[in-house]
Amino acid sequence: MNRFAPLLCCTVLFALSGCAAPAMRYPSLLPRPVEAQPLAAPQVTVAAVPVPADSALDAQVAAIDASLAQTAGLFAAATDRAKAASANAKGAAIGSEAWLSAQSALAALESLRSESLGALTDLDRLAIDRGTAGQPDYTALSAARARAEAQLTAQQAAIDAIQAQTAGL
C-alpha cells in the first residue's frame, strides 16, 4: 500500500486541479459591434471625363482599319478558293494533287489570318501605350480593336469549317 501512496496522491491532486476556476477572464464569443457592420463598399459615381481628340492616334487607327478591311476582302476571296479546293479534294487520297491544293489554300487562309492578328496586335500596342502613359480609353481605338477581334473570330471559324471538311476526306 505504501508503494501506491505517492501515485494515489498525485492522481487525487491532478483530478482536483480540474475543478479549480481560472484566475483570468476569457473574452466573449458573441459578435463584436464591428462585425455587425455591412461589408459592402459604398457606391461611388465617377463622372465621365471627355477624352480629347488625338489626330495622330486617329490616323494610326484608320491605317490599321484600312489594312483590316483589305485583309478581310482578300480572306473572303481566299475562302472561296479554299472551299472549292476542299470540294475538289473530296475522295482524293492524302498526298494527291487535289489534297495538296486544298492544303495550300488552307495555308493561304492561315497567312491572311495572321495579318489580321498582326493588326490586332498593333491596336493592342497602341492601347497599352495609352494606358502606360496614364491616358484614358480612346473610343475609336476600342471600337477598332473590337472589329479586329470579330474579324479574327470569323476568320478562325471559316478556317475551322474548311479544315473539318478537308479532314473528312
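Colleague: What should I keep in mind about the source of the model?

Modeller: This is a predicted model, so local features need pLDDT of at least 70 and side-chain atom pairs count only at pLDDT 80 or more, while totals for chains, interfaces and linings use all residues. Residues are numbered from 1 along each chain as its sequence is written, and side-chain values use heavy atoms, with hydrogens and water left out.

Colleague: How many helices and strands are in the chain?

Modeller: Helices (H or I, at least four residues) and strands (E, at least two) are DSSP runs, numbered from the N terminus. Here the chain has four helices and zero strands, and along the sequence the pattern reads α-α-α-α.

Colleague: Is the chain spread out or compact?

Modeller: The general idea is to compare the radius of gyration, taken over C-alpha atoms, with the globule rule, 2.2 Å times the number of residues to the power 0.38. For these 169 residues the rule gives 15 Å, but the radius of gyration of the chain is 37 Å, well over that value, so the chain is more spread out than a compact globule. Along the principal axes, its C-alpha atoms fill a box of roughly 110 × 60 × 25 Å.

Colleague: What share of the residues counts as buried?

Modeller: Buried means under 20% relative accessible area, exposed over 50%, and partly exposed in between (1.4 Å probe, protein chains only). By that cut-off, 20% of the 169 residues count as buried.

Colleague: How do I check the span of a helix?

Modeller: Multiply 1.5 Å by one less than its number of residues. Helix α2 (residues 55-88) has 34 residues and should span 50 Å; its end C-alpha atoms are 49 Å apart, which agrees. For α3, with 36 residues, the reach from first C-alpha to last is 52 Å, close to the expected 52 Å. After α3 comes glycine 134, with a positive phi near 80°.

Colleague: What covers the buried residues of α2?

Modeller: Contact means heavy atoms within 4.5 Å. The buried residues of α2 include Leu57, Leu68, Thr71 and Phe75, and their cover includes α3 (97-132) and α4 (139-167). In turn, the buried residues of α3, among them Leu109, Ser116, Ala119 and Arg130, pack against α2 and α4. Across the chain, residues 24 or more positions apart account for 80% of the contacts with a separation of 6 or more.

Colleague: Which residues is serine 116 in contact with, leaving aside its neighbours within four places in sequence?

Modeller: Serine 116 lies in helix α3, and it counts as buried because its relative accessibility is 0%. Beyond those neighbours, serine 116 is in contact with Leu68, Thr71, Gln151, Leu152 and Gln155.

Colleague: And arginine 130, is it buried or exposed?

Modeller: Arginine 130, also found in α3, has 8% relative accessibility and therefore counts as buried. With neighbours within four places in sequence left aside, its contacts are Val51, Asp54, Leu57, Gln135, Pro136, Tyr138 and Leu141.

Colleague: Where is alanine 63 found?

Modeller: Alanine 63 is in helix α2; at 47% relative accessibility, it counts as partly exposed. Alanine 63 and alanine 119 are 56 residues apart in sequence, and their C-alpha atoms are 9.7 Å apart in space.
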